[in-house]
Amino acid sequence: MTQTVAVLGTGKIGEALLSGMIRGGWPASKLLVTARRTERAEELRTRYGVEAVSNAEAAKRADTLILTVKPQDMAKLLDELAPHVPADRLVISGAAGIPTSFFEERLSPGTPVVRVMTNTPALVDEAMSVISAGSHATAEHLAHTEEIFGGVGKTLRVPESQQDAATALSGSGPAYFYFLVEAMTDAGILLGLPRAQAHDLIVQAAIGAAVMLRDSGEHPVKLREAVTSPAGTTINAIVELERHGVRAALIAALEAARDRSRELASGNS
């Protein structure tokens, strides 16, 4: 925590990282932020006591640069940063689909780059951040990245070849659960429950199931079977899910998300 860290393009995820680092003991004096809008930069400065600077200034002063802009904006940002980033800076990318080679080709030779795919539960310190090293990143760089992202949830190291799959499964993952909760809430209304009650019932069921999956160590099939009694209500619902191909649809959806991540990597917007 003696190093200076700059968060560039500080949107929701960037702010979540910033607040997580501060809660974890990172001194505000060692944190820099950049934002596209002046009023946003001022808001962050006031809220967290950090210094808001330009992208070029952040590149000159920070030991670690965390790039949280959208994938389509990354090339432009790197063009701006490249003249100011020495090869000893650690560059962390949070952009979906963009490989570390994209950064290495545009920055000084030997610049260490780490690719991270996190997700929106970073806002409540329950993120899953998947971390991969570029060709010049060391174990020390990975540990430093884990220190930063560990403040907003769990971290997992994977080979970069698995990042597109991780993006499909974890980066986009929360949206699938929100989609299921939305559909189940509508079903509750159809069955005669008020929307608020249906929502509360389903959200608590989701929380309870997630905690059991995390803490019990049991396979999800075994946990599901514990709820599924012979000729009961649950098995009838499961049969309908299988009849409508829900399992196959989920697999196809994840494959589509992975393929889109690959498209982003190839520059197809």
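1. Buried means under 20% relative accessible area, exposed means over 50%, and partly exposed is in between, with a 1.4 Å probe and protein chains only. Helices (H or I, at least four residues) and strands (E, at least two) are DSSP runs numbered from the N terminus. The model is predicted: local features need pLDDT of at least 70 and side-chain atom pairs count only at pLDDT 80 or more, while totals for chains, interfaces and linings use all residues. Residues are numbered from 1 along each chain as its sequence is written, and side-chain values use heavy atoms, with hydrogens and water left out.

2. Strand β6 covers residues 113–117, and five of its five residues are buried. Val113, Arg115 and Met117 point one way from β6, whereas Val114 and Val116 point the other way.

3. What are the pairing partners of β6? Two strands pair if DSSP finds at least two bridges between them. Strand β5 (residues 90–93) pairs with β6 in the parallel sense, over three bridges, and Val91 stands opposite Val113. With strand β7 (residues 127–133), β6 pairs in the antiparallel sense over four bridges; here Val114 stands opposite Ala133.

4. A nonpolar core is a set of buried Ala, Val, Leu, Ile, Met, Phe, Trp, Tyr and Cys residues joined through side-chain atoms within 4.5 Å. The largest one has 24 residues, and Met21, Ile66, Ile92, Val114 and Ile148 have the most contacts inside it. At least two residues each come from β1 (5–8), α1 (12–23), β2 (31–33), β5, β6, β7 and α6. Helix α1 gives the most, with four residues. Another core, of 22 residues, lies apart from this one and has Leu65, Leu67, Leu77 and Leu78 among its members.

5. Contact means heavy atoms within 4.5 Å. Not counting residues up to four places away in sequence, Ile66 touches Val5, Ala6, Val7, Leu8, Leu17, Met21, Ile92, Ile148 and Phe149.

6. Helix α6 (residues 139–149) has Leu142, His144, Thr145, Ile148 and Phe149 as its buried residues. These cover an arc of only 160° around the axis, so they lie on the same side of α6; the arc is that of the directions from the helix axis to the C-beta atoms. Ala139 and Glu140, on the other side of α6, are exposed.

7. Neighbours within four places in sequence aside, Arg40 is in contact with Thr10, Gly11, Lys12, Glu15, Ala35 and Arg47.

8. Gly173 lies in helix α8 (residues 173–190) and counts as buried, at 5% relative accessibility.
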